[in-house]
Amino acid sequence: MIVTKGLRKSFRSRRSAPVDAVRGLDLTVEPGEIFGLLGPNGAGKTTTMRMLATLVRPDDGEVTLAGADLRTEPHEVRRRIGYVAQGGGTTDGASAREELVLQARFYGIGKAEAGRRAEQALAAFELTEFADRPCAGYSGGQRRRVDLALGVIHRPRLLILDEPTVGLDPQSRAQVWAEVRRLREEGMTVLLTTHYLDEADALCDRIAIVDHGELVAEGAPEQLKREISGDVVTLELAAADAEAAEKVLTGLDCVHRIEPREGDELRLYVTDGASAIPQLLHALAEAGLRPEQTRLQRPSLDDVFLARTGRTIS
Ligand SMILES: Nc1ncnc2c1ncn2[C@@H]1O[C@H](COP(=O)(O)OP(=O)(O)OP(=O)(O)O)[C@@H](O)[C@H]1O
């Protein structure tokens with residue numbers, strides 16, 4: 001659905017040194033995915049989104065979006081994608097219905113059909129109740145839902161969202177996630193940027209982590225985390241059992257490493273916690289041992305960023 005090869009953009013001004021915002025980005029987003037572009041402030045996420053949305057001209061690189069070439073068919077790209085910018089696009093004085101009808105008309109949709117689409121969008125995004133009130137009175141989450149509805153009123157195949165949940169409270173963020181998932185279920189491909197690690201982890205099928213305009217990692221969140229360090233299993237044992245348990249577990253294939261024991265707690269590094277835990281418990285049971293508590297911790301996307309760049313994202 002999106003292929004970029006060698007995408008590049010520098011900003012030059014007379015007053016300051018040039019900024020290489022995006023430095024040769026190769027990305028592939030498959031149809032039907034929620035794909036997240038993750039990175040710290042200034043990593044080049046917004047510049048990338050603006051280039052894909054035809055708002056900033058790339059210095060170099062080949063880009064295809066929904067089958068259209070960014071350089072030679074920008075009009076076609078605009079027709080086939082929806083774009084929601086960071087600040088959104090609603091006006092204080094207009095109502096959600098007015099904004100939706102206007103947006104549909106902007107895409108050349110006839111008056112009657114524009115009204116029908118606005119009505120459908122209001123229902124789908126749960127906006128009907130306050131559809132005719134000015135947007136100024138909406139909550140942050142409600143306004144964000146109007147932005148999403150505006151982004152898809154022309155039924156694009158690909159939706160590009162720049163920081164869709166920035167500044168929202170946890171409940172509104174969860175609602176936006178639910179809407180994004182619903183759009184994906186309806187067959188839409190979604191590309192979004194975020195600097196919330198938990199958001200990328202929970203929402204995205206695949207992510208690309210960028211830093212200083214370059215790709216530092218790409219893949220499914222689970223896969224990236226597993227590649228870094230596997231999982232950590234913590235077992236709490238009765239004081240009398242800890243030493244014996246350590247001996248039993250040291251010999252198991254699924255255990256890469258056991259941290260030096262602190263009291264009655266054992267921390268084990270394993271490739272995949274979900275499959276290792278039953279093996280650990282089985283081995284302990286055969287030796288007549290049973291942990292009082294078993295905890296599984298997974299590495300976070302921040303660990304992935306740390307491993308690749310030597311810094312934390314947040
Ligand atoms: N119009 C511009 N003129 C000059 N420099 C720019 C311009 N737009 C972006 N930059 C610079 O390019 C780099 C990448 O910025 P960009 O906004 O793409 O990053 P980002 O990953 O979206 O960051 P954030 O999470 O803060 O939005 C930054 O150093 C930024 O200052």
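Me: What does V190 touch, once residues up to four places away in sequence are not counted?

Reply: In this predicted model, V190 touches I34, L159, L161, V180, L183 and R184, with residues up to four places away in sequence left out.

Me: And which residues have the most contacts inside the largest nonpolar core?

Reply: That core has 66 residues, and those with the most contacts inside it are L100, A149, I160, V190 and L191. Apart from it lies another core, of 11 residues, with V233, L268, L280 and L284 among them.

Me: Which strands are joined to β13, and how do they run?

Reply: Strand β11 (residues 231-236) runs antiparallel to β13 and is joined to it by 6 bridges, with E236 standing opposite E265. Strand β12 (residues 255-258) is also antiparallel to β13, joined by 3 bridges, and here R257 stands opposite Y269.

Me: What sits between β12 and β13?

Reply: The two strands form a hairpin with 6 residues between them, and G263 in the turn has a positive phi of about 60°.

Me: Switching to the ligand, which residues are around it?

Reply: The shell consists of F11, V19, A21, G39, N41, G42, A43, G44, K45, T46, T47 and H195. By type, these divide into 4 nonpolar, 7 polar and 1 charged.

Me: Which element gives the most to that shell?

Reply: Helix α1 does, with 3 residues, although β2 (19-29) and α1 (45-52) each supply at least two.

Me: Now P221, is that buried or exposed?

Reply: P221, which lies in helix α8 (residues 221-229), is buried, because 22 other C-beta atoms lie within 10 Å and the cut-off for a buried residue is 20 or more.

Me: What is P221 in contact with, leaving aside its neighbours within four places in sequence?

Reply: On that basis P221 is in contact with A200, D201, C204, I207 and L301. As for A274, which is 53 residues apart from P221 along the chain, the C-alpha atoms of the two are separated by 16 Å.

Notes:
Residues are numbered from 1 along each chain as its sequence is written. This is a predicted model: local features need pLDDT of at least 70, side-chain atom pairs count only at pLDDT 80 or more; totals for chains, interfaces and linings use all residues. Helices (H or I, at least four residues) and strands (E, at least two) are DSSP runs, numbered from the N terminus. A residue is buried if 20 or more other C-beta atoms lie within 10 Å of its own, exposed if 12 or fewer, and partly exposed in between; C-beta atoms are placed from the backbone. Two residues are in contact if their C-beta atoms, placed from the backbone, lie within 7 Å. A residue is near a molecule or strand if its C-beta atom, placed from the backbone, lies within 6 Å of it. Ala, Val, Leu, Ile, Met, Phe, Trp, Tyr, Cys and Pro count as nonpolar, Asp, Glu, Lys and Arg as charged, and the others, Gly among them, as polar. A nonpolar core is a set of buried Ala, Val, Leu, Ile, Met, Phe, Trp, Tyr and Cys residues joined through C-beta atoms within 7 Å. Two strands pair if DSSP finds at least two bridges between them.
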